[in-house]
Amino acid sequence: SPKTTISPRRFFFASSTDHTTLLANAEVHCLQHQHHQQQQQKQFVLVAGGTDTELVKRVPQLHLARLWLDLSAKGTTIYGAKVVNKSLGKIPHVCARLLDSARSEAEVLPLEARSTLHGLSDWVQSGNRWNLDIHSDDSAAVAVAAAVQKICRGDMSSYDDRHEETFIVRHIWEQLAMEYVNGGHGEEATLYQENGGILARIEHKADQSEFANTSGGAMAIFKMTE
């Protein structure tokens, strides 16, 4: 079969400095993905206006932003909001239309959104935001402090310990993550909060992405309302 020729103008336009026009004229494409058991995945992609759907499927370099939707009998999950063309702006602004499109496809409730918290560890370290009253003769407090420091450095092995301090460490990290989210520091989390999302909980070691070590593997789970 004949090969489809990809016009270089598409790539030039996608990297144009006229980002306001590019974003204003961009279109949302919904790409269906394989069913896994009773689960269906849809990917919502923002691309330059007039881009052919087949090109959107085959050429990820054309993508301006992306967001995922998982549909199952138990409910619907939104996740993976990402701006590919960083010059367009931040996630809350660029991905809002993708979120609207995904919500319109959410046929099964409840609807949740899962947000990465990349940058949480640096935020904790830079502001010295966890404050334990540590004394040299308080071995338990020293152990907790050391565990939190390890998580900040990207070492999540502290979560695997079966000591009493582990539960304290998890609680501290959960509180820090909530403060991070509610302070508007997480881009993806802000997208969901600004569009009806209510922070329901923090899940530990839930992030499986390559940047999980920048947040202790934590993810923020939102209940999405109308």
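Of the contacts in the chain with a separation of 6 or more, 61% are between residues 24 or more positions apart; contact here means heavy atoms within 4.5 Å.

On provenance: this is a predicted model, where local features need pLDDT of at least 70, side-chain atom pairs count only at pLDDT 80 or more, and totals for chains, interfaces and linings use all residues. Residues are numbered from 1 along each chain as its sequence is written, and side-chain values use heavy atoms, with hydrogens and water left out.

The chain has nine helices and seven strands. Those are DSSP runs numbered from the N terminus: helices are H or I with at least four residues, strands E with at least two. Of the 226 residues, 41% are buried, meaning under 20% relative accessible area, with exposed over 50% and partly exposed in between (1.4 Å probe, protein chains only).

Now strand E7, residues 219-224. Five of its six residues are buried. Strands pair if DSSP finds at least two bridges between them. E7 pairs with E5, residues 111-116, antiparallel, over five bridges; one of the bridge partners is Ala220 in E7, facing Ser115. Strand E6, residues 197-203, also runs antiparallel to E7, joined by six bridges, and there Arg201 has Ile221 as its bridge partner.
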